[in-house]
Amino acid sequence: MHILTLSTLFPNALQPVHALFVRARMEHFSRQYGHRWTVVAPVPFFPKIPFRTLKAYDTFARVPRYEETRGYPVHHPRYLVTPKVGMRFYGAWMTAGVRRLVKVLHAKDPFDAIDGHYVYPDGTAAVRLGKELGIPVVLSARGTDLNLFPKLPGIADLIRSNLNSSRHLICVSEGLRQEALKLGVSGEKVSVIGNGVDTNRFRRGDMRTAREFLGLPHDATVILSVGHLTGLKGFHLLIDAVSRLGRDQVVLAIVGDGPERGPLERLAESLHLGDRVRFAGAVGNDDLPAWYQSADLFALASSREGWPNVLCEAQACGLPVVATKIRGISEIVHGDELGILVEERSGEGLCTGLERALSKAWDRSLIASVGSARTWDRVADELASVFDTIREPR
């Protein structure tokens with residue numbers, strides 16, 4: 001098959017670690033099953049004049065329109081956005097931004113299917129172009145697109161239309177499948193396929209060597225958290241929790257960047273934590289395993305998740321987890337031997353969970369075994385069963 005992946009969730013030259021899970025899934029699937037693959041990953045455009053352009057949109061404006069660094073073509077057309085308003089039009093605007101390019105590519109080398117990630121707004125472009133080109137569409141729901149967006153004014157009907165127009169829906173967790181069913185999707189056209197983990201990179205390693213490489217103290221207890229620095233990820237709660245711990249030499253290492261970094265740094269300073277909170281910033285994919293291997297414990301304080309890859313990576317490295325008890329997370333941390341799930345999403349609740357976890361003897365080999373079981377090759381096999389059902393003869 002020649003598959004078109006259509007989604008804003010894809011890395012680019014200026015955002016090399018953005019949505020690596022989408023790239024990993026399709027790379028393994030294409031390589032394992034011999035499919036050809038083209039990517040159209042639109043980036044948002046926000047007019048610079050007469051408006052004051054936000055920093056993020058300056059970055060998007062510099063993303064190259066075409067890349068081919070890993071053996072397959074990746075196109076980055078632009079689509080209009082109006083930040084914080086007009087979201088109900090994003091799907092139509094994305095369709096308009098990518099339509100001409102997709103039709104030109106299809107005329108030169110026809111696609112057999114569209115692989116769309118994110119039910120809205122990306123799913124709108126996928127299903128509309130699928131209908132115009134007469135090819136089936138598989139959508140993948142990844143979190144916010146089903147557990148938040150349907151609650152926004154004017155968006156639920158657009159999402160229902162996309163779900164009903166797709167040939168098949170893949171949800172990365174059972175929790176998202178339940179949300180899809182509430183929106184009226186037939187259970188027969190929904191599969192649950194969680195993300196995988198690259199076990200060649202994410203595996204147990206020598207803690208001392210990792211700490212030397214990263215400049216972390218050997219005698220500290222290191223709690224790691226990884227993610228985009230936004231309020232929804234709850235890093236402010238983790239900083240509060242660490243300030244409450246009655247333990248010396250505990251270091252909270254935060255890997256990632258985002259709009260909340262400044263406020264988080266000021267919060268840590270106001271709590272007089274000093275070097276007890278380390279902000280690593282955005283970390284390249286090659287260096288990320290060392291952070292997991294350096295840590296004693298992994299923590300995640302999200303308010304909602306689809307299938308957080310960081311938990312899979314942490315488990316594959318043998319790390320016990322302390323996290324909020326929400327759907328998506330509880331499907332990965334599915335036993336007491338893997339971690340502690342906190343009912344109360346607060347600094348006090350997370351502090352209690354961290355204290356319990358730091359007082360417990362963990363079987364890290366068992367955790368690593370569980371975390372390593374879900375490889376990307378296994379995900380590719382599950383994906384093949386979906387695409388086989390929608391394959392149509394030329």
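In the predicted model, eight strands form an open sheet with mixed pairing, in the order β4-β5-β2-β1-β7-β8-β9-β10. Strands are DSSP runs of E with at least two residues and helices are runs of H or I with at least four residues, both numbered from the N terminus; two strands pair if DSSP finds at least two bridges between them.

Residues are numbered from 1 along each chain as its sequence is written. Local features need pLDDT of at least 70 and side-chain atom pairs count only at pLDDT 80 or more, while totals for chains, interfaces and linings use all residues; side-chain values use heavy atoms, with hydrogens and water left out.

Strand β14 (residues 297–300) pairs with β15 in the parallel sense over three bridges, and F298 has V321 as its bridge partner in β15. From β15 (residues 321–324), V321 and A323 point one way and V322 and T324 the other way, and all are buried. Buried denotes under 20% relative accessible area, exposed over 50%, and partly exposed in between (1.4 Å probe, protein chains only).

Several backbone features lie in loops. Most residues other than glycine have a negative phi, and most peptide bonds are trans. The loop between β7 and α4 contains Y118, which has a positive phi of about 90° although it is not a glycine. Y118 counts as buried, at 17% relative accessibility. P121 is found in the loop between β7 and α4, and the peptide bond from Y120 to P121 is cis, with omega near 0°. Q249, in the loop between α9 (235–244) and β12 (250–255), has a positive phi of about 55° although it is not a glycine. With a relative accessible area of 45%, Q249 is partly exposed.
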